[in-house]
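Q: I have just opened a structure that is new to me. Could you walk me through reading it?

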Amino acid sequence: MTSTNATDPVQGAWRTVRYVVKGSPTDIEGVLLLVDGRWSTLYFVPGADGPWGSGEAGSYEVDGRTLSFHHRLMFQGGGGRPLHITQEASHVEACPIAIAGDTLTIQFPSGNTLVCERLRRS
Amino acid sequence: MTRASRFCFVVLITMAIAPTARLSADALAGAWRMVNYQGAASHGAATGQLLFADGHFSLTYTMDENGQRWGRAHAGSYETNGDRLIYHVEWSMEYVAGKPSVAPKPSDRETKFALSGDTLTVTFSNGSVQTFKRER
């Protein structure tokens, strides 16, 4: 359960700091946890109608420099957007990743990019 | 007991206790699946996921009540002390009984936990009990 794992370099706790859509970055606030083949995230995106939040969970696998998210639970709402809750999500996102020091960059199939920074036990 | 032997006794006791406290925190590390949720804050059959990694946690679950599905998600850091599990919640959102709440809401929530094999039980101060099974 340590933050350094040769076979699973993404395992651990990460702070979500930036989401880039079509080259336009947005600061986001939250965490992404990956441990024992399971992932979960909770993050907030600021907006004029208040923050929009997303809590998601599922399983994952790492193959070389590709991180595949298997989605199952999605809970999203706020910021004037409609509520969305499901335990039956089944889509998979195979994402090229890059790790440089304590920074994890995830390229989603949509073309969007998530930048995270590793969180350490305090 | 001389002062020296008393000092040695205290040191030995401290050395014996310290790894146990650390072991408790590490014992939670990993992935857990919510299998039951009972108590005042529960709203129907609950399923979800609790992760502990590197001193941080993420808890996301849904509850099915009378054909309606509610959700809660919390995340932050955590610590253990004996049988106490303290969630330092940094982010929280919920949609329960038609009331949405989406905002960072820093707070500390002190609970008691028990580990028995692959079962983790977390009891909140309001009497609510969450039960989890370890995911492998």
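A: Gladly! Two strands pair if DSSP finds at least two bridges between them. Strands themselves are DSSP runs (E, at least two residues), as are helices (H or I, at least four), and both are numbered from the N terminus. This is a predicted model: local features need pLDDT of at least 70, side-chain atom pairs count only at pLDDT 80 or more, and totals for chains, interfaces and linings use all residues. Residues are numbered from 1 along each chain as its sequence is written, while chains are lettered from A and ligands numbered from 1 in the order in which they are written.

Q: Which residue is the bridge partner of A:Leu34 in S3(A)?

A: The partner of A:Leu34 there is A:Trp39. S2(A) and S3(A) run antiparallel and are joined by seven bridges. Two residues lie between these strands in their hairpin, where A:Asp36 takes a positive phi near 50 degrees.

Q: How many bridges pair S3(A) with S4(A)?

A: Eight, again in the antiparallel sense. Here A:Arg38 stands opposite A:Ser59 in S4(A). The hairpin of S3(A) and S4(A) has six residues between the strands, and A:Gly50 in the turn has a positive phi of about 95 degrees.

Q: What is the secondary structure of chain A as a whole?

A: Chain A has zero helices and nine strands. Along the sequence its pattern reads β-β-β-β-β-β-β-β-β.

Q: Which residues count as buried, and which as exposed?

A: Count the other C-beta atoms, placed from the backbone, within 10 Å of a residue's own: 20 or more means buried, 12 or fewer exposed, and anything in between partly exposed. In chain A, 34% of the 122 residues count as buried. S3(A) is largely enclosed by the rest of the structure, because seven of its eight residues are buried.

Q: Is A:Val21 buried or exposed?

A: A:Val21 counts as exposed, because it has 12 C-beta neighbours inside 10 Å. You will find A:Val21 in strand S1 of chain A. Its C-alpha atom is separated by 20 Å from that of A:Met74, 53 residues apart along the chain.

Q: What about the nonpolar residues in the interior?

A: In soluble globular proteins, nonpolar side chains tend to be buried together. A nonpolar core is a set of buried Ala, Val, Leu, Ile, Met, Phe, Trp, Tyr and Cys residues joined through C-beta atoms within 7 Å. The largest core here has 52 residues, of which A:Val31, A:Leu33, B:Leu51 and B:Phe57 touch the most other members. S2(A) gives the most to this core, with six residues.

Q: Which residues does A:Val31 touch?

A: Two residues are in contact if their C-beta atoms, placed from the backbone, lie within 7 Å. Leaving out residues up to four places away in sequence, A:Val31 touches residues including A:Trp14, A:Leu42 and A:Leu119, as well as B:His56, B:Ser58 and B:Ala75.

Q: How many residues does each chain bring to the contact?

A: Chain A brings 30 residues and chain B brings 28. On the side of chain A that touches chain B, S1 (12–21), S2 (24–35), S3 (38–45), S4 (52–63), S5 (66–78) and S6 (81–86) each supply at least two residues. S2(A) has the largest share, with five residues. By class, that side has 14 nonpolar, 11 polar and five charged residues. Asp, Glu, Lys and Arg count as charged, Ala, Val, Leu, Ile, Met, Phe, Trp, Tyr, Cys and Pro as nonpolar, and the others, Gly among them, as polar.
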